[in-house]
Amino acid sequence: MRILGLDVGDKRIGIAVSDELCMCAHGVRTIERKGIKEDIRQIKEICEEYGVEEIIAGLPVNMDGTKGIMAGKVEDFISLLKKDILIPINTWDERLSTVQAERNLIEADMSRKKRKLVIDKIAAAIILQGYLDSRQH
């Protein structure tokens, strides 16, 4: 069984996939957003490629626990995704995942230009790893 992690943004969607034992998350791809149908088609293709049985989408909750504009956009995206992909899709609190991904990449001494190319899939891996870790306890 594999689980797919999504970091949904306005311009890009970061994609991560778990190993078969659902212990480790690996960033695999970043999708440049081209329209809802194309975005969903690509996610569907990745699900088939990796044999995904569950999807976890990061939900950008505000620091005070409330949902802002982006959380609503992610929930709308998930609603559309659920119409085309017939596997369980759940959300996971992604507070500060992109900040953590940015810090990790800076610590790795990665240039700003290179960070921009990978930050979304790293954030997706952080989101998915948080979910996987919660299942272990």
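Which side chain meets that of Arg-12 in a salt bridge? Let's keep that question in mind while we walk through this predicted model, starting with the sheet.

The sheet is open and has 5 strands, arranged in the order 3-2-1-4-5 with mixed pairing. Its edges are formed by strand 3 (25-32) and strand 5 (89-93), each of which pairs on one side only. On average, neighbouring strands are turned by 25° against each other, direction ignored. Strands of a sheet pair through backbone hydrogen bonds, either parallel or antiparallel. For a parallel example, look at strand 4 (residues 52-59) and strand 5, which pair over 5 bridges. Here you will find Ile-56 standing opposite Asn-90 of strand 5.

Now for the helices that meet this sheet. Helix 1 (residues 36-50) lies across strand 1 (2-8), strand 2 (12-18), strand 3 and strand 4, and runs at about 150° to strand 3. Helix 2 (residues 69-84) also packs on the sheet, where it touches strand 1, strand 2, strand 4 and strand 5. The direction of helix 2 makes about 160° with that of strand 4.

With these elements in place, we can turn to the charged side chains. Side chains of opposite charge can pair when their charged atoms come close. The model has 9 salt bridges in its count, and one of them settles our opening question: Arg-12 meets Asp-120, at 2.7 Å from N to O. Because Arg-12 belongs to strand 2 and Asp-120 to helix 4 (residues 112-136), this pair ties together parts that are 108 residues apart in sequence. Asp-120 is buried, as its relative accessible area is 12%.

The side chains of Arg-135 and Glu-54 form a salt bridge at 3.7 Å, N to O. Arg-135 sits in helix 4 and Glu-54 in strand 4, so parts 81 residues apart in sequence are tied together by this pair. How do the two partners compare in accessibility? Arg-135 is partly exposed, with a relative accessible area of 39%, whereas Glu-54 counts as buried at 8%.

Salt bridges with shared partners join Glu-38, Arg-41 and Glu-45 into one network. Within this group, the side chains of Glu-45 and Arg-41 meet at 2.9 Å, N to O. These two residues are separated by about one helical turn, because they are 4 residues apart in helix 1. Glu-45 is partly exposed, with a relative accessible area of 39%, and Arg-41 is partly exposed at 40%.

Terms used
Residues are numbered from 1 along each chain as its sequence is written. This is a predicted model: local features need pLDDT of at least 70, side-chain atom pairs count only at pLDDT 80 or more; totals for chains, interfaces and linings use all residues. Side-chain values use heavy atoms; hydrogens and water are left out. Two strands pair if DSSP finds at least two bridges between them. Axes are lines fitted to C-alpha atoms, for helices over the stretch in contact, and angles run from 0 to 180 degrees between N-to-C directions. Contact means heavy atoms within 4.5 Å. A salt bridge is a side-chain nitrogen of Lys or Arg within 4 Å of a carboxyl oxygen of Asp or Glu. Buried means under 20% relative accessible area, exposed over 50%, partly exposed in between (1.4 Å probe, protein chains only).
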